[in-house]
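Dear colleague,

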Amino acid sequence: MYLTKEEERILKGEDGEGFQRAMELLVAVGDIYEAEKMIEITSAQISSVAYTNSGETGIRFLEWLVSTGAHFKVLTTLNPHSIEHDRWKEVGFPKEFSLRQIANTKAYRKLGAVGTFTCTPFQVGNIPRFGEHIAWAESSALSYANTVIGARTNRESALGALAAGLIGKSPLYGLHLNENRKGQILINVEANLREHSDYSALGWSVGEKVMSKIPVFTGIPHNVDNYELNTLCAGLAVSGAVGMSHVPGITPEAPTIDSAFGGEKPEETITIEDKELKRVYEDRSTKGVGSKVDLVLLGCPHYGYRQLKKVSELLKGKKVHKDVRLWIATSTPIASAAKRVGWLDTIENTGAEIMCSYCAPVSRAAPFGFETMATNSSKATYYGVGGMGLKDTIFGTTEECINAAIAGKWGERK
Ligand code: F3S
């Protein structure tokens, strides 16, 4: 890979060992993928910020980076982590565990990262433009950035995004290049998409079928909202390894189906009907009608304004069952604005809890003893068992999940 004089200098360690290691990682990745050169990026989004992911090794590594004088050269934002950032005591996270999570986030702060602690950085100011090169590691967010914004990022690892943020560059390969962004498989959506959980189910279904290929969707309603697209991207990225898809008319580089395929023919056409979404809801549920639930989780990916408003309307005047915790995950900036409008008070008056900066699905160490989680996110059902150590998960619509939180058990599907 061609390196500029400045890149060579960093690689030799002249700017310190932290920058040197970051450059070594980027050069190694670039060599593997036969990148011609590095390109400048405008932002990085780092995953594995959760203490449950990176542990003591992660803290030691970040503190070592700080000691070398390394710092982020471009806007670098952070994924959610293992505690409710400001109310961890009140929610019941153990002190020692919480302080180690805070030590992790302090090290990131010393490196110059912005503590957004959300998997939806585009909701809180990290908003790339069409065509910009970025290095994002959160699979749902990077897929959204490629698909909806038309920015360009590979499926970065946590360390890949961290190194790219430190150097401000990324090797030029994969989804940074026009030729690798063409659609491959046509997805003809005939299913009725009622709300964002249906998009989550659709993403799960298509991800399983296309794996790492690029799907092109037809039949998505023109008034689809950004969060529905976000949950579609999240599902695609977790059951498969999809880093980008095309929704012609929405994906900026694909105004038409033909342009999405770059003038070529689809390798295959897959039709998704209502019965396939029903199949996903059932497959992602290990329990059914009448089952007791002890956690109801909404906000994976993190909720924005529209979703908080909808939940406040669905919950108004109700009470969460005494044996259930209803957790609604979002970011601090979104929550504080939603509080001013009154939606948070309506939600919290029911006993539901707004969880800022938090990613429940990857936080196994949280000692709440949950066994069965109901959620409107296919992604959360996947991580809920492995990441949280739950016994059972139930996947349903937002309304079904809220009804379960009120009743304390799962009801009939609508
Ligand atoms: Fe976000 Fe965690 Fe879900 S990072 S997408 S809340 S698994």
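Does R152 count as buried or exposed, and what is its relative accessibility? R152 counts as buried because its relative accessibility is 13%, where buried means under 20% relative accessible area, exposed means over 50% and partly exposed lies in between, computed with a 1.4 Å probe on protein chains only.

Before going further, please note that this is a predicted model, in which local features need pLDDT of at least 70 and side-chain atom pairs count only at pLDDT 80 or more, while totals for chains, interfaces and linings use all residues. Residues are numbered from 1 along each chain as its sequence is written, and side-chain values use heavy atoms, with hydrogens and water left out.

The ligand

The residues that surround the ligand are N79, P80, C119, E138, C300, P301, C359, P361 and K379, a residue being counted if one of its heavy atoms lies within 4 Å of the molecule. By class, this shell has six nonpolar, one polar and two charged residues; here Ala, Val, Leu, Ile, Met, Phe, Trp, Tyr, Cys and Pro count as nonpolar, Asp, Glu, Lys and Arg as charged, and the others, Gly among them, as polar. At least three residues of the shell come from each of domain 1 (5-178) and domain 3 (284-407), with domain bounds taken from an automatic or database domain assignment.

The space that the ligand takes is the largest pocket. On a 1 Å grid over the protein atoms alone, a pocket is an open set of points with protein on both sides within 12 Å along at least five of seven lines, whereas a cavity is a set of points where a 1.4 Å probe fits but cannot get out, and lining residues have an atom within 4 Å of a point. A molecule sits in such a space if more than half of its atoms lie within 2 Å of the grid points.

One of the surrounding residues, P301, is placed in strand β9 (residues 295-303), and the peptide bond that leads from C300 to P301 is cis, with omega near 0 degrees. Helices (H or I, at least four residues) and strands (E, at least two) are DSSP runs, numbered from the N terminus.

Helix α7 and what lies on either side

R152, with which these notes began, is found in the loop between α6 (139-149) and α7, and its C-alpha is 8.3 Å from that of L177, which is 25 residues away in sequence. Helix α7 (residues 158-167) is mostly covered, since nine of its 10 residues are buried, among them A158, G160 and L162.

After α7 comes G168, whose phi is positive, near 80 degrees. K169 is then found in strand β5 (residues 169-171) and counts as buried at 12% relative accessibility; its side chain makes a polar contact with the side chain of E7 (2.8 Å). A polar contact is a pair of N or O atoms within 3.5 Å, where within protein one must be able to donate a hydrogen and the other to accept it, and where residues adjacent in sequence count only if both atoms are side-chain atoms.

Two positive phi values outside glycine

E34, which is not a glycine, has a positive phi of about 55 degrees; it lies in the loop between α2 (17-32) and β1 (38-40) and is exposed, with a relative accessible area of 70%. F117 likewise has a positive phi, near 45 degrees, and is placed in the loop between α5 (95-110) and β4 (135-136), but F117 counts as buried at 6% relative accessibility.

Helices α15 and α16

Y382 is found in helix α15 (residues 378-386) and is partly exposed, with a relative accessible area of 41%. T398 lies in helix α16 (residues 398-407) and counts as buried because its relative accessibility is 1%, while its side chain makes a polar contact with the side chain of N376 (3.1 Å).

With best wishes
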